[in-house]
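The sequence and structure come first.

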Amino acid sequence: MQEQPDAPFPPGLTARVELTVTGADTAAAVGSGDVPVLATPRVLALAEAATVAATAAAMPAGSTTVGVRVELSHLAATPVGRTVVAHARLVEADGRRLLFAVTVTDGDTTVASGRVERALVDRQRFVARAVRAS
């Protein structure tokens, strides 16, 4: 089995991603509840998008990262029309394992915070393995 090289990502890499909440982003729309506020699955997707953005510029050719573990506290409701910002900071890179601290804010309000762990993988092998498993 071919070894994946150590991750080329130094701790401290950061990124931010914004989202203006629409009706399609609400708990009622995505099926995670029945209220017209930003859904937890959308908060998570936004946080993950920030982790992907943090490593994009240094991603080795043919590689990608995949999410493997998430710990997220959704702390505040966000109504339609507000803009939230997800911030990701790489706090640890251990071989293929990348650990990020993430926060999502609405102005001065912390909407969510947590940690996202991703793994560096060979894109082609990962997809081929997934197809074989189905």
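This is a predicted model, in which local features need pLDDT of at least 70, side-chain atom pairs count only at pLDDT 80 or more, and totals for chains, interfaces and linings use all residues. Residues are numbered from 1 along each chain as its sequence is written, and side-chain values use heavy atoms, with hydrogens and water left out.

**Strands**
- Helices (H or I, at least four residues) and strands (E, at least two) are DSSP runs, numbered from the N terminus.
- Two strands pair if DSSP finds at least two bridges between them.
- Strands S3 (residues 83-94) and S4 (residues 97-106) run antiparallel and are joined by nine bridges; Leu90 stands opposite Phe100 in S4.
- The S3 and S4 hairpin has two residues between the strands, and Gly95 takes a positive phi near 65° there.
- S3 also runs antiparallel to S1 (residues 14-20), with seven bridges; Val17 has Ala86 in S3 as its bridge partner.

**Nonpolar core**
- A nonpolar core is a set of buried Ala, Val, Leu, Ile, Met, Phe, Trp, Tyr and Cys residues joined through side-chain atoms within 4.5 Å.
- Buried means under 20% relative accessible area, exposed over 50%, and partly exposed in between (1.4 Å probe, protein chains only).
- The largest nonpolar core has 22 residues, of which Leu38, Leu46, Val84, Phe100, Val102 and Val104 touch the most other members.
- S1, helix H2 (40-56), S3, S4 and S5 each supply at least two residues of this core, and H2 gives the most, with five.
- Contact means heavy atoms within 4.5 Å; leaving aside neighbours within four places in sequence, Val104 has contacts including Val43, Leu46, Val84 and Val111.
- Val116, in strand S5 (residues 109-122), counts as buried at 1% relative accessibility.

**Salt bridges**
- A salt bridge is a side-chain nitrogen of Lys or Arg within 4 Å of a carboxyl oxygen of Asp or Glu; the count comes to seven.
- Arg42 pairs with Asp25, the closest N and O atoms being 2.8 Å apart. This pair links distant parts of the chain, with Arg42 in helix H2 and Asp25 in the loop between S1 and helix H1 (27-30), 17 residues apart.
- Asp25 is buried at 6% relative accessible area, whereas Arg42 is partly exposed at 26%.
- Arg69 and Glu117 form a salt bridge with closest N and O atoms 3.9 Å apart. Arg69 lies in strand S2 (residues 63-74) and Glu117 in strand S5, 48 residues apart.
- Arg69, Glu92, Arg97 and Glu117 are linked in a network of salt bridges.
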